[in-house]
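Dear colleague,

Please find below the structure that I am handing over to you, followed by an account of what was found in it.

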Amino acid sequence: MKSFLANVYPSKWQISSIGSLMLFLFWLFGYDGITFSDDVYYILAGKEFWNGTMEVGSYHFSSRWGAYVPAGFFSLLFDWDIHWISLVSFLSYWATYYLLLQFFTSKNERLILTLWFLTHVYFLHFLTKIYPDSLLVLWCTLFVAAASLRFEKPFISGISMVFALFMGFITKETIVFLAPFPILLFFFDFNSKPFPKSFYITLVACGITAGLLYLGYFWAKFGDPFYRVTSINAGHYVSEFTYADKGISSIIKRITYSPFLTFIERAYWPWIVFAIPGFWKLWKERSHPEFTLAFICLILGFWFMSSTLEFYNPIYLNPRHLIILIPFLSFFIAKGWDTWINSFKWKQLLANLLLLGLTYSAITTDWKMAFFQLALGICLWIQYKNFRLIGIAILLLFPAIYSFYYQHQIKQYQSLLNQLYSEVEETAESPILINNFLDFSKKILLEGDSEEMEKLIPIEKADSIIALKPEKIRLFLYQYYQHAYPKEEVDVSNFENAIPINYSLESSKTEGLIETRTYTRKD
């Protein structure tokens with residue numbers, strides 16, 4: 001049995017090929033449509049950019065060229081096919097995977113890296129989406145990977161780091177978490193022989209040049225080199241995801257134990273737990289300091305960074321923002337895999353940390369996460385290493401694959417498109433009330449058909465439509481709002497309370513997640 005399992009394990013080349021194929025298949029079959037949120041802006045902004053109509057202004061998304069320019073280019077290539085536009089996210093993930101593979105020569109380590117890099121559900125969810133976070137995965141990894149060449153190829157290393165940092169910053173400002181990294185690296189290298197002097201000269205010179213060009217653009221266009229910072233500060237608003245407006249206790253909770261709860265709730269906890277041995281090993285051996293120092297910068301940035309410079313308001317730990325941690329966590333997991341396999345103390349520590357996550361998941365009745373962590377904890381104690389690896393691989397792959405099926409079921413995106421097209425084609429003059437998030441996304445859903453879009457009215461404006469007293473009113477209600485946008489229940493309730501006063505229900509039909517109703521005015 002031992003020799004059989006050893007023989008069926010793939011080679012290093014086969015592992016990278018299988019990993020690339022898995023990533024492509026996840027992208028190909030995992031597409032479940034847009035998120036009806038920020039991705040709408042990036043897709044439309046990209047189209048406007050290549051049409052020459054995009055204007056950079058005070059809205060801070062408008063200067064995220066790295067997010068919407070590639071999306072717009074792919075929309076030209078693939079004739080406005082949203083799935084194929086998201087190919088830019090697939091290429092970012094694949095390039096990141098390829099970069100990470102260069103740090104591994106062991107077949108076993110490559111296999112571990114592949115399993116943990118390709119199976120985090122949130123990470124995979126944005127594989128098929130048009131978001132800057134998906135591209136930032138590549139720029140953060142390239143920024144750090146380029147630093148590893150500073151002794152062998154100092155000039156290329158310095159230029160590549162500045163390029164990655166610049167591209168990352170114009171994609172999304174989160175990469176600023178890595179700004180202290182070169183300083184930490186300098187102190188780490190200070191006593192190195194030889195000291196990579198030419199690397200740091202290149203890094204500083206190119207960094208100053210890139211910074212002056214960036215600030216000079218805003219100075220020339222808006223008369224303020226720090227216009228970008230001003231627009232970010234101005235864009236701050238109070239919501240359920242802000243802390244400063246809720247008092248010091250809310251801030252203390254956010255910067256103490258709340259991040260741990262987020263890691264557990266959003267499935268990052270097992271990745272963090274299994275990454276600890278690798279991080280400790282590399283730190284102790286002073287090996288791959290680029291990854292350990294960069295990871296410290298990212299964690300501290302997520303933990304303590306403020307969303308505005310005008311006052312201290314810790315950023316909200318959106319699970320989408322955290323996907324840039326996955327390449328680093330996967331790297332540490334693969335590097336430290338052999339560290340804990342034959343160590344009772346390490347297994348005990350990992351098991352206790354998983355038990356901690358399991359306990360919280362059970363208290364909050366998140367039974368799927370509780371079972372996932374329980375099963376991983378059991379796998380820790382399987383004696384035969386190949387069976388242990390196979391067990392963990394199944395545990396990682398099953399939720400990843402199932403998540404695609406689950407998203408398709410709760411969203412039924414293609415059915416939404418088909419029924420929305422039919423609705424606008426069949427309805428002549430009557431206004432059609434739709435979910436607010438559908439109205440926000442209608443330029444994409446109806447592919448820019450302005451005549452058809454005019455028929456669609458957000459349900460939050462139901463009162464104004466009813467006041468006009470049209471002969472008929474149509475309601476097109478996408479029940480997905482109950483899962484993704486539950487706050488819209490208020491607008492639905494307001495409509496249902498107001499409509500019976502002047503209108504009677506003529507017909508009602510439910511097909512899948514779509515409920516359509518026709519109301520006729522009472523004479």
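Contact here means heavy atoms within 4.5 Å. Helices (H or I, at least four residues) and strands (E, at least two) are DSSP runs, numbered from the N terminus. Axes are lines fitted to C-alpha atoms, for helices over the stretch in contact, and angles run from 0 to 180 degrees between N-to-C directions.

The model is predicted: local features need pLDDT of at least 70, side-chain atom pairs count only at pLDDT 80 or more, and totals for chains, interfaces and linings use all residues. Residues are numbered from 1 along each chain as its sequence is written, and side-chain values use heavy atoms, with hydrogens and water left out.

The sheet and its helices

Two strands are taken to pair if DSSP finds at least two bridges between them. On that basis, five strands make up an open sheet of mixed pairing, ordered β2-β1-β3-β5-β4. At its edges are β2 (456–458) and β4 (503–511), each of which pairs on one side only. From one strand to the next, the twist averages 25 degrees. Strands β3 (residues 472–478) and β5 (residues 514–521) run antiparallel and are joined by seven bridges; tyrosine 478 has isoleucine 514 in β5 as its bridge partner.

Two helices lie across this sheet. Helix α23 (residues 413–426) lies across β1 (432–434), β2, β3, β4 and β5, and runs at about 170 degrees to β3. Helix α29 (residues 489–498) lies across β1, β3 and β5, at about 30 degrees to β5.

Salt bridges

Side chains of opposite charge can pair when their charged atoms come close. A salt bridge is counted where a side-chain nitrogen of Lys or Arg is within 4 Å of a carboxyl oxygen of Asp or Glu. The count by this rule is 17. For the residues involved, buried means under 20% relative accessible area, exposed over 50%, and partly exposed in between (1.4 Å probe, protein chains only).

Glutamate 109 is in helix α7 (residues 107–117) and lysine 335 in helix α18 (residues 326–335), so distant parts of the chain, 226 residues apart, are linked. Glutamate 109 is buried at 15% relative accessibility, and lysine 335 is buried at 11%.

In another pair, the closest N and O atoms of aspartate 189 and arginine 150 are 2.6 Å apart. Because aspartate 189 lies in helix α11 (residues 181–189) and arginine 150 in the loop between α9 (132–147) and α10 (154–169), the pair ties together parts 39 residues apart in sequence. Aspartate 189 is buried at 1% relative accessibility, as is arginine 150 at 2%.

Glutamate 240 and lysine 487 meet at 2.4 Å, N to O. Glutamate 240 is partly exposed at 48% relative accessibility, whereas lysine 487 is exposed at 60%.

A nonpolar surface patch

Patches are made of residues with over 30% relative accessible area and no salt bridge, like charges being joined within 9 Å and nonpolar side chains (Val, Leu, Ile, Met, Phe, Trp, Tyr) within 5 Å. Phe49, Trp50, Phe73, Leu76 and Leu77 form a nonpolar patch with about 480 Å² of accessible area together (Shrake-Rupley method, 1.4 Å probe; for residues, only the protein chains shown count as cover). Helices α3 (38–51) and α4 (65–77) each give two or more residues to the patch, and the largest share, three residues, comes from α4. Tryptophan 50 is in α3 and is partly exposed, at 37% relative accessibility.

With kind regards
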